[in-house]
Amino acid sequence: MQVPITVLIPTFNEENLIAQAITCASFADEVLVIDSFSSDKTVEIAESLGCTILKRRFDNFSNQKNYAISKARHDWILVLDADEYLTYELREELIAAVKNPRHNSYKMPFKNYFINRFIDYGSNGKKIKSRFFNRKNCKYTGLVHEQLLCEGSTGVFKGKILHYTYKDLRHFFEKKNQYSQLQAQQLYQKKKKTGYFHLVFKPAYRFLNEYLLRLGFLDGIPGLTSTAMNGYGVLSRYVKLLVLKGEVDNPELTDYNNFTRSLMNRAKEKGFALPKDKKIYSISFFTAPLGSFFKEFLLKGRILKGKEGYIISYLMGFKTFNTKLYHWLHKRNME
C-alpha cells in the first residue's frame, strides 16, 4: 500500500534527471509534476512513469507551488526538485511521520553536489529546509527563495536530500540570473534604493563570509566557484533593481542577462582554447580577476563613470575568473 503523500515536483526541461526524482518518490501514493511547458521530454518521461501532470506558465516559485498544492490528492506534501534525490533514511522518516504526525511541517538537511564533489562548507554546505508539510496549515510566500509559512510546530529529520544542483557552469550561472531578476522585482516593489554599499560591500561580504568565515575554502575550487557565483548573484539583483528604476543608461547593463551571457561565452571560448597542459596556479583565481577589475576601473577610467563604471569593471573581473575556471574544467574533461 502506498503512503498517503503527494510528492510535488516542479519542472522545466529536466529530461536528464526527472526519472531519478520520480523513482525515489515511488513510495508515495501520488507524484504530481507541475511543469512550466518544457520543450524537451520531461513531461513524456513523467507520464510514462505514472505521474499526474499539471501545466502552468511560470510567474514565480510561490504561485507555482501553491497552485499545485491546491490540486494535490493528499494533505501531506513533499516538495522535491527534479535534481534532488531522497536517501533511504529520509524516506523511512517521512513514512513514520505520516503514520504518527507530531508536527505540521518538517525540515531536512541537504547535501549539495557541485562540479565534482559534495559541498561541505559555505552557505551550500549545511542547508536545512522545510519541504514536508500538511497543506492545511502551510503555504508558500515570496517570489524567489520562497518561504513556507506554517502554523504550529516544525520537526527536523535526520535523513538527507541529495541535491545534484550542477549540470554545467552555464546552468548554474543562468540560475543566478533567474533568481536575481525575481529578487530585484521584490526589492522594487518594496521601493528599496541601491547605493555603493549594495554594489560594493554586499557582494564582497557574501563572498568573504562564505569563503572564509564559513570555511568554503576547504571545498577547493568547487567551493571557490560556489561562493564567487553567489557574490555575483548579489551584485546582479542590485544592478537589475537599478535597471527597473530607470537609473542605468549603459545599454550593456540595461540588457544585463544577454550581456553577461556574452561574457560567459567569451570566457568559455578563451578557457577552452588554452592548452590542457598549461598549469593553473590556485592563486591566479584571485589575482587574475582582481587584475582585470583594476585595469578596467583605474587604467581605463571607469572610475569616472560612477556606479556603471564599477559594475562593468566587476563583470570584467568575473569574466576573467570564469575563463580560469573553464580552463580548469577543460583540463579535467568536465565540460
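**Helix packing**

Guide: Ser284, Phe285, Ala288, Pro289, Ser292, Phe293, Glu296 and Phe297 of helix 10 are in contact with Gly309, Tyr310, Ser313, Tyr314, Met316, Gly317, Thr320, Phe321, Lys324, Leu325 and Trp328 of helix 11. Contact means heavy atoms within 4.5 Å. The model is predicted, with local features needing pLDDT of at least 70 and side-chain atom pairs pLDDT 80 or more, while totals for chains, interfaces and linings use all residues. Residues are numbered from 1 along each chain as its sequence is written, and side-chain values use heavy atoms, without hydrogens and water.

Visitor: How do the residues in the contact of helix 10 with helix 11 divide by class?

Guide: Ala, Val, Leu, Ile, Met, Phe, Trp, Tyr, Cys and Pro count as nonpolar, Asp, Glu, Lys and Arg as charged, and the others, Gly among them, as polar. On that basis the contact of helix 10 with helix 11 has eleven nonpolar, six polar and two charged residues.

Visitor: Are helix 10 and helix 11 roughly parallel or roughly antiparallel?

Guide: The axes of helix 10 (residues 284–299) and helix 11 come within 8 Å and cross at roughly 150 degrees. Axes are lines fitted to C-alpha atoms, for helices over the stretch in contact, and angles run from 0 to 180 degrees between N-to-C directions. Angles under 35 degrees count as roughly parallel, over 145 as roughly antiparallel, 65 to 115 as roughly perpendicular and the rest as oblique. Helix 10 and helix 11 are therefore roughly antiparallel.

Visitor: Is the crossing of helix 6 and helix 11 left-handed or right-handed?

Guide: The axes of helix 6 (residues 196–213) and helix 11 (residues 306–331) come within 10 Å and cross at roughly 25 degrees, which means that helix 6 is roughly parallel to helix 11. A crossing is left-handed if the near helix is turned anticlockwise from the far one by less than a right angle, and right-handed if clockwise. For helix 6 and helix 11 the crossing is left-handed.

Visitor: Which residues of helix 11 does helix 6 meet?

Guide: Helix 6 contributes Tyr196, Leu199, Val200 and Pro203 to this contact.

Visitor: What is the handedness of the crossing of helix 5 and helix 7?

Guide: The axes of helix 5 (residues 169–189) and helix 7 (residues 220–244) come within 8 Å and cross at roughly 40 degrees. That angle makes helix 5 oblique to helix 7. The crossing of helix 5 and helix 7 is right-handed.

Visitor: How many helices and strands does the protein chain have?

Guide: Helices (H or I, at least four residues) and strands (E, at least two) are DSSP runs, numbered from the N terminus. The protein chain comes to eleven helices and twelve strands.
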